[in-house]
Amino acid sequence: MKKLAFLALVVVLIAPHVSDAASCEDLSKASLPNTTITIAQSVAAGAMTAPAGRGGPQANPFADLPAFCRVAATLKPSADSDIKIEVWMPATGWNGKFQAAGNGGWNGNVDQNAIATALRRGYAAASTDTGHEGGAGPWMQNREKVIDYGHRAVHEMTVTAKSLINAFYGNPAKLSYFNGCSAGGRQALKAAQMHPEDFDGIIGGAPALNATGRAAYAVYAAQALRKEESSYIPQAKYAAIHDAALNACDASDGVTDKVIENPRACKFDPQVIACKAGEDTNSCLTPAQVTAARALYQPLVNQGTKQVINTPLEVGSELGWSTFGGQQPFGVATQFYQFMVFNNPQWDWKTLNFDADMAAVAKAENGIIDAKSTDLKKFVARGGKLIQYHGWADPQIPSGSSTAYYEDVLKAMGSNVKDNYRLFMVPGMNHCGGGDGPASFDMVTALEQWVEQKKAPDTIPAAHLTNGQPDRTRILCPYPQVATYKGSGDPNSAASFACK
């Protein structure tokens with residue numbers, strides 16, 4: 001009965017013809033379930049400005065935006081929900097499509113930069129703060145707010161945005177996409193798993209799909225580096241470890257280019273730069289530091305169940321080890337335990353027991369946040385397409401979580417799932433971008449071609465940029481294939497490589 005009432009309300013609000021489209025300001029009167037419209041205003045071309053403190057006084061990142069309709073709303077699907085969203089819709093030149101933007105970290109803000117990026121491509125776009133403001137905190141003790149953060153906020157935003165788009169243009173969006181990285185990558189997979197009807201195409205970059213495992217691994221890394229005072233590896237030594245890793249692994253793809261194409265194909269032991277007796281310089285590792293470095297390359301395993309809690313950092317990630325190896329543990333990880341698991345902001349990370357405490361973690365998370373379900377049947381059945389990508393050198397979300405998940409999906413659903421789901425591992429790329437690898441690519445175009453033209457992404461063009469200009473091009477290959485030098489031709493040109 002409740003569903004019928006909702007459908008009737010949407011029919012009243014939304015007309016089926018362009019001629020019945022509403023003005024932007026009229027959307028302030030829109031009556032949608034659990035929704036309060038707080039802004040409905042037409043924004044002239046170039047008139048949008050960044051909030052105070054963003055972009056600085058010298059530049060307005062939105063100065064190039066076309067005219068659009070800006071709608072902000074608060075959604076309350078539960079009594080404890082307080083989900084903020086914004087929907088931006090081009091005044092002219094709409095491409096007929098909708099794109100939802102993912103978030104980062106603990107997701108406590110609407111990402112206007114991400115919406116603006118989609119708007120520039122002609123999309124109607126939306127973002128949400130996922131139900132809270134700011135980062136981690138007491139909100140994590142509220143079950144409904146955790147559910148909002150976990151998946152509900154993105155779903156409710158999507159339903160509301162589609163209704164507003166239909167009302168504004170007089171026609172529904174012909175296709176819907178999601179694009180996110182990091183926490184946004186987790187949101188991407190969660191959407192495919194739990195709300196398969198929401199999107200026709202999904203991009204999930206460097207997904208924090210095993211958020212609980214990553215939190216545990218971050219504490220494990222901190223404990224390994226702080227096991228004793230001599231175990232700590234100062235940042236000044238990272239370059240030496242990285243250079244040694246490149247010496248061992250760089251040439252495995254046929255080209256020496258300071259990029260490890262496939263870390264799994266190489267064996268590296270930091271013992272090769274062990275200090276001589278009595279020596280301790282930035283170009284070598286003491287015995288305790290060798291042990292600590294080896295630990296970072298090892299998966300975190302529950303010694304009782306032998307289950308892998310989280311995959312390790314990969315060879316090639318060394319320059320970013322300050323994420324987990326700084327003076328204090330990675331904040332996103334410790335906050336998870338302080339606020340969600342133990343409800344104690346003073347919790348001491350040194351006390352975490354990776355066998356005994358995992359039950360408390362599982363109880364607190366209860367499948368709400370992690371995006372590890374391999375059941376993509378409904379998403380695949382309706383023709384959805386999913387592109388996942390991850391940098392092999394990611395120092396914040398160990399990249400093996402993506403390869404492990406992809407392999408688990410293939411085991412659960414069979415190899416035909418490749419017709420709807422592909423993973424691209426990016427050699428040398430850090431977290432969501434950057435690094436020595438080909439970290440500049442256009443996943444949105446690749447997804448559009450797959451969804452709209454049935455052109456599956458057998459390769460994706462990519463480039464390494466210096467000062468904003470490409471100085472080396474490559475192809476990204478569907479995992480487990482690897483870009484391999486053909487043996488002749490310019491080693492800096494993608495044309496000299498093939499997926500094998």
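In this predicted model, strand S6 (residues 175–181) and strand S7 (residues 201–205) pair in the parallel sense over 5 bridges. Strand S7 is largely enclosed by the rest of the structure, because 5 of its 5 residues are buried.

**The parallel pair S6 and S7**

- Strands of a sheet pair through backbone hydrogen bonds, either parallel or antiparallel.
- Within the pairing of S6 and S7, which is parallel, the bridge partner of Phe-178 is Ile-202 in S7.
- In a regular strand the side chains alternate between the two faces of the sheet.
- In S7, Gly-201, Ile-203 and Gly-205 point one way, while Ile-202 and Gly-204 point the other way.
- The residues on both sides of S7 are buried.

**The nonpolar cores**

- The largest nonpolar core contains 58 residues, and Ile-233, Trp-321 and Tyr-337 are those with the most contacts inside it.
- At least two residues of this core come from each of these helices: H3 (143–169), H5 (211–225), H6 (238–249), H7 (287–296), H9 (331–341) and H10 (358–365).
- Helix H5 gives the most to this core, with 11 residues.
- A second, separate core has 49 residues, including Leu-27, Ala-191, Phe-199 and Ala-371.

**Helix H3**

- Helix H3 has 27 residues and reaches 37 Å from its first C-alpha to its last, which is close to the 39 Å expected at 1.5 Å a residue.
- A bend of about 65° occurs in H3 at His-151.
- Because 22 of the 27 residues of H3 are buried, this helix is largely enclosed by the rest of the structure.
- At the start of H3, a side-chain oxygen of Asn-142 reaches to within 3.0 Å of the backbone nitrogen of Glu-144.
- After H3 comes Gly-170, whose phi is positive, near 80°.

**His-155 within H3**

- His-155 is found in helix H3 and has a relative accessible area of 15%, so it counts as buried.
- The side chains of His-155 and His-195 are joined by a polar contact of 3.4 Å.
- A polar contact of 2.7 Å joins the side chain of His-155 to that of Asp-198.
- Not counting residues up to four places away in sequence, His-155 touches His-195, Glu-197 and Asp-198.

**Ala-116 in helix H2**

- Ala-116 belongs to helix H2 (residues 112–120).
- With a relative accessible area of 0%, Ala-116 is buried.
- Ala-116 and Phe-62 are 54 residues apart along the chain, yet their C-alpha atoms are separated by 7.2 Å.
- Leaving aside neighbours within four places in sequence, Ala-116 is in contact with Phe-62, Leu-65 and Trp-88.

**An open antiparallel sheet**

- An open sheet of 3 strands has the order S12-S13-S14, with antiparallel pairing.
- Its edge strands are S12 (440–441) and S14 (469–476), each of which pairs on one side only.
- Strand S12 is joined to strand S13 (residues 460–466) by 2 bridges, and these two strands run antiparallel.
- The bridge partner of Phe-441 is Ala-462, which is in S13.

**Backbone details in the loops**

- Most residues other than glycine have a negative phi, and most peptide bonds are trans.
- Asn-34 has a positive phi of about 55° although it is not a glycine.
- Asn-34 is located in the loop between helix H1 (2–13) and strand S1 (35–43), and its relative accessibility of 47% makes it partly exposed.
- Asn-467 also has a positive phi, near 55°, and is a residue other than glycine.
- Asn-467 lies in the loop between S13 and S14 and is exposed, with a relative accessible area of 77%.
- The peptide bond from Tyr-479 to Pro-480 is cis, with omega near 10°.
- Pro-480 is part of the loop between S14 and strand S15 (483–485).

Methods. Residues are numbered from 1 along each chain as its sequence is written. This is a predicted model: local features need pLDDT of at least 70, side-chain atom pairs count only at pLDDT 80 or more; totals for chains, interfaces and linings use all residues. Side-chain values use heavy atoms; hydrogens and water are left out. A nonpolar core is a set of buried Ala, Val, Leu, Ile, Met, Phe, Trp, Tyr and Cys residues joined through side-chain atoms within 4.5 Å. Buried means under 20% relative accessible area, exposed over 50%, partly exposed in between (1.4 Å probe, protein chains only). Helices (H or I, at least four residues) and strands (E, at least two) are DSSP runs, numbered from the N terminus. The expected span of a helix is 1.5 Å times one less than its number of residues. The bend at a residue is the angle between axes fitted to the seven residues ending there and the seven starting there. A polar contact is a pair of N or O atoms within 3.5 Å; within protein, one must be able to donate a hydrogen and the other to accept it, and residues adjacent in sequence count only if both atoms are side-chain atoms. Two strands pair if DSSP finds at least two bridges between them. Contact means heavy atoms within 4.5 Å.
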